[in-house]
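Hi,

Here is the structure I promised to send over. Have a look at it first, and then read on for my notes.

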Amino acid sequence: MANLQAGAISGGQPYIPATIERKSTWFFEKNKPVFILDDPEGTSWVMKSYTDFVDKNLKYENLETLGERLKLPSGWSYRARVLDEDLILRPFKGIARIVQDELQNTYDALDEGTCNYQP
């Protein structure tokens, strides 16, 4: 369960980070693809959910090349990566940073102290 803070993503601007209260841990399996945004400050953001709210044709199979369709702000990039090891993502002291793209797909920051490695 996640609890959005004031000014968070619902109805907000894409690519503007928000914080949420969360206790859950996310596991991404070794040898499976993940989809990552990299911001100009050097933070990587791993996709934790995608949606067809905005684009009814968006499917999992399209995520590898999604970066070609996104209108990324200056300095941002998108990449697909197959994991070398399991990626474990936990909120730091119950707080996670998230961001959405313009299609309302949601990403978690891979901040220091929140993940076991940087893919």
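A word on terms before the strands: two strands count as paired if DSSP finds at least two bridges between them, and strands themselves are DSSP runs (E, at least two residues), numbered from the N terminus. Please keep in mind that this is a predicted model, where local features need pLDDT of at least 70, side-chain atom pairs count only at pLDDT 80 or more, and totals for chains, interfaces and linings use all residues. Residues are numbered from 1 along each chain as its sequence is written, and side-chain values use heavy atoms, with hydrogens and water left out.

Strands 8 and 9 make a hairpin with 5 residues between them, and Q104 in the turn has a positive phi of about 70 degrees. N105 sits in that loop too. Is N105 buried or exposed? Buried, at a relative accessible area of 0%. Its contacts (heavy atoms within 4.5 Å), leaving aside neighbours within four places in sequence, include M47, T51, L66 and V99. The N105 side chain also reaches the backbone nitrogen of T51 at 3.0 Å.

Next, the cores (sets of buried Ala, Val, Leu, Ile, Met, Phe, Trp, Tyr and Cys residues joined through side-chain atoms within 4.5 Å). The largest has 15 residues, of which L37, L66, L70, Y78 and Y107 touch the most other members. Strand 4 (33–38), strand 5 (44–49) and strand 9 (106–109) each supply at least two of its residues. Another core, of 10 residues, lies apart from it and includes F28 and V46.

Finally, the rings: there are 4 aromatic pairs in the whole structure (ring centres of Phe, Tyr or Trp, the latter by its six-membered ring, within 6.5 Å; planes under 30 degrees apart are stacked, over 60 edge-to-face, the rest tilted). W26 and F28 are stacked, at 6.4 Å centre to centre and 20 degrees between the planes. F35 and Y60 are edge-to-face, at 5.9 Å and 80 degrees.

Cheers

Methods. Buried < 20%, exposed > 50% of the residue type's maximum accessible area, 1.4 Å probe, protein only. Helix = DSSP H or I, 4+ residues; strand = E, 2+ residues; numbered from the N terminus. Polar contact = N/O pair within 3.5 Å; in protein donor to acceptor, adjacent residues only side chain to side chain.
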